[in-house]
Amino acid sequence: MPSQDTRLLAAQRRFLEREQRRAISAPQLPRALNEECGVFGMIGHTGDAAGTIALGLHALQHRGQEAAGIATFDGEQFYNEKALGLVSSHFMSEKVVSQIKGNSGIGHTRYSTTGGSGLRNVQPFYADLDRGGLALAHNGNLTNARTLRTQLIREGRIFHTTSDSEIFVKLISQSRRLSIPERIMDSLPAIEGAYALIAMTHDAMIGVRDPVGIRPLVLGKLGDAPVLASETCAFDLIGADFIREVQPGEMVICRADGSIESRQIFPPQSHARSCVFELIYFARPNSFIEDECVYELRKRLGAQLAKESPVEADVISPIPDGGVPAAIGYANETHQSYDMALIRGHYAGRTFIQPTQELRELGVARKLSPNKGVVEGKRVVLIDDSIVRGTTSKKLTRLLRRAGAKEVHFRIACPPILWPDYYGIDMPSREELMAANYTVEEIREHIGADSLAFLSVDGMYEAFGKGPRDPERPAYSDHCFTGKYPTPLTDLDRLKQVAKVEQLSFLAETS
Ligand code: AMP
């Protein structure tokens with residue numbers, strides 16, 4: 001007679017097999033899109049806005065390289081132009097830009113990490129509402145998108161994309177309020193997760209940030225024309241002046257006469273906290289966040305890392321580009337020499353999201369070459385901004401050893417990433433996160449380094465001038481390190497519940 005445990009295991013295996021078969025045969029449900037994006041908008045420009053919007057998007061290209069779009073309004077009609085690829089490959093053409101007319105417009109640059117990368121998912125989205133047109137661009141991920149989408153579909157709404165951002169358009173269009181700003185205000189309480197939104201109507205540009213302020217949105221002026229962007233680096237490129245950050249839960253309504261009206265849609269939250277990954281990895285180093293230069297903040301992470309985990313070495317080197325400021329901070333703090341152990345090739349494209357581990361590893365090698373003249377016979381410390389799957393660090397240790405490095409030490413200028421992000425930073429699932437599955441010593445062994453150390457969570461807060469971490473009111477959304485998510489994760493909880501119920505009923509059926 002098989003034991004109870006064996007029967008249970010066999011039932012579980014049959015359940016998993018059935019699930020696999022179902023996953024293969026079932027019609028594909030739209031998968032939640034995980035997006036990294038940049039948004040930009042302006043109203044009341046002295047000339048046509050499209051060229052300036054394209055430049056703004058170009059400055060935000062690091063936030064998304066897959067596709068871009070620009071929607072403008074010329075006083076009579078809306079124009080909406082979208083293309084796959086880099087901003088420069090489509091929107092720097094005189095011919096294209098001259099056809100997107102009007103003094104006001106918004107733009108979006110996008111990188112989706114799962115499915116749905118076709119043109120129909122490229123923003124801005126546009127809808128003709130009963131009181132005029134609405135163009136909308138969104139950065140961030142919603143954590144109840146599937147739940148809302150299912151509800152809306154059951155109520156008869158038709159979706160044209162698989163992007164969670166379309167939910168904004170649907171909710172705004174069905175609101176009974178009169179003006180579009182009021183309709184937006186009416187819609188947002190149903191939405192959970194991260195959003196920095198820019199909307200364009202026939203008479204206003206509207207910017208909104210979610211109540212927690214997870215994704216960034218900044219306000220500026222180009223002459224008298226109000227400008228909104230994900231990051232201040234976009235203002236630098238077009239010569240706009242930075243005014244201030246849009247506050248968590250705030251809506252700004254900007255008009256062509258230069259006026260800016262502010263409405264606090266959600267009361268100022270005690271748990272407002274922007275995403276710490278913008279500071280660590282995502283934002284351009286020359287951007288300013290909360291009045292601090294991101295580059296300087298990253299140098300401070302490196303200096304703090306040096307205080308926590310110094311190591312005797314001959315060369316302190318960044319993994320370019322992400323590790324550069326932290327390596328400078330580390331070298332300054334320890335008075336050791338900073339040098340480039342790796343030279344970056346600029347034509348390799350992104351390595352992070354490749355479908356297979358093999359391709360990711362090849363990508364790393366194409367992108368970074370060992371600088372033999374610097375590393376041969378030397379003790380090298382490599383500084384990076386993060387370890388996610390461990391692909392980069394493993395490959396680079398091997399490359400440096402082959403180039404003759406005597407010792408290879410790794411120092412990581414952020415704490416171990418233990419939890420996935422659900423708010424618009426591209427992260428794999430928990431199973432693939434190196435630090436979620438192995439101890440620091442096991443990771444060191446896996447990547448083959450002589451030593452490995454991560455920055456502590458409190459050290460990160462100290463470096464940002466906020467620490468140590470206040471567990472009741474952390475200054476940042478730091479869920480990737482702590483597992484403390486700043487919003488409900490409704491979709492995820494529902495999926496877990498469904499999986500549990502199905503598994504239990506299957507076990508009951510087969511026992
Ligand atoms: P991995 O090789 O998987 O350990 O990833 C770590 C490398 O990817 C580091 O060099 C980071 O600069 C970079 N990285 C970290 N987070 C992200 C992200 N969300 N998207 C793209 N690259 C990232």
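Predicted model: local features only at pLDDT ≥ 70, side-chain atom pairs only at ≥ 80, totals over all residues.

Reader: How far is the sulfur of Cys-275 from the closest cysteine sulfur?

Author: A disulfide requires two cysteine sulfur atoms within 2.5 Å. The sulfur of Cys-275 lies 6.8 Å from that of Cys-480, its closest cysteine sulfur, which is too far for a bond. Cys-480 is likewise in no disulfide, and its nearest cysteine sulfur is that of Cys-275.

Reader: Is Cys-275 buried or exposed? And is Cys-480 buried or exposed?

Author: A residue counts as buried when its relative accessible area is under 20%. Cys-275 has 3% relative accessibility and is therefore buried. Cys-480 is also buried, with a relative accessible area of 3%.

Reader: Let us turn to aromatic residues. How is a pair of rings described?

Author: One gives the distance of the centres and the angle of the planes. In this structure, a search of the whole finds 9 aromatic pairs. In one of them, the ring centres of Phe-168 and Tyr-195 are 5.5 Å apart and the planes stand at 75°, so this pair is edge-to-face.

Reader: Where in the chain do Phe-168 and Tyr-195 lie?

Author: Phe-168 belongs to helix α6 (residues 166-174), whereas Tyr-195 sits in the loop between α7 (180-187) and β7 (196-200). The two are 27 residues apart, and the pair links distant parts of the chain. Both Phe-168 and Tyr-195 are buried.

Reader: Which arrangement do the rings of Tyr-281 and Phe-282 adopt?

Author: Their centres are 6.3 Å apart and their planes are at 5°, so the pair is stacked. Tyr-281 is partly exposed, with a relative accessible area of 33%, while Phe-282 is buried at 4%. Elsewhere, Phe-73, Phe-78 and Tyr-126 form one aromatic cluster.

Reader: Which charged residue lies over the face of Trp-419?

Author: Here one looks at where a charged side chain is placed relative to a ring. Arg-430 lies over the face of Trp-419, at 3.7 Å from the ring centre. Lys-170 lies over the face of Phe-159, at 5.2 Å from the ring centre.

Reader: Which members of the largest nonpolar core touch the most other members?

Author: To read a core, one may look for the members with the most contacts within it. This core has 69 residues, and those touching the most other members are Leu-382, Leu-400, Phe-410, Ile-417, Met-460, Phe-464 and Phe-481. Domain 1 (32-273) and domain 2 (291-482) both contribute residues, so the core lies between them. Apart from this core lies another, of 29 residues, including Leu-136, Ala-204, Ile-206 and Ile-253.

Reader: What does Met-460 touch?

Author: Not counting residues up to four places away in sequence, Met-460 touches Val-276, Ile-280, Leu-301, Pro-415, Leu-455 and Phe-481.

Reader: Where is Leu-60 placed, and what is Leu-60 in contact with?

Author: Leu-60 is in the loop between α2 (50-59) and β2 (67-73), and at 0% relative accessibility it counts as buried. Leaving aside neighbours within four places in sequence, its contacts include Gly-38, Phe-40, Thr-109, Glu-231 and Cys-233. The C-alpha atoms of Leu-60 and Ala-283 are separated by 8.9 Å, although these residues are 223 residues apart along the chain.

Terms used: Residues numbered from 1 in each chain as written. Heavy atoms only, no water. Core = buried A, V, L, I, M, F, W, Y, C linked by side-chain atoms within 4.5 Å. Buried < 20%, exposed > 50% of the residue type's maximum accessible area, 1.4 Å probe, protein only. Domains from an automatic or database assignment. Contact = heavy atoms within 4.5 Å. Phe/Tyr/Trp six-rings, centres within 6.5 Å; stacked < 30°, edge-to-face > 60°. Helix = DSSP H or I, 4+ residues; strand = E, 2+ residues; numbered from the N terminus. Lys NZ or Arg CZ within 6 Å of the ring centre and 35° of its normal.
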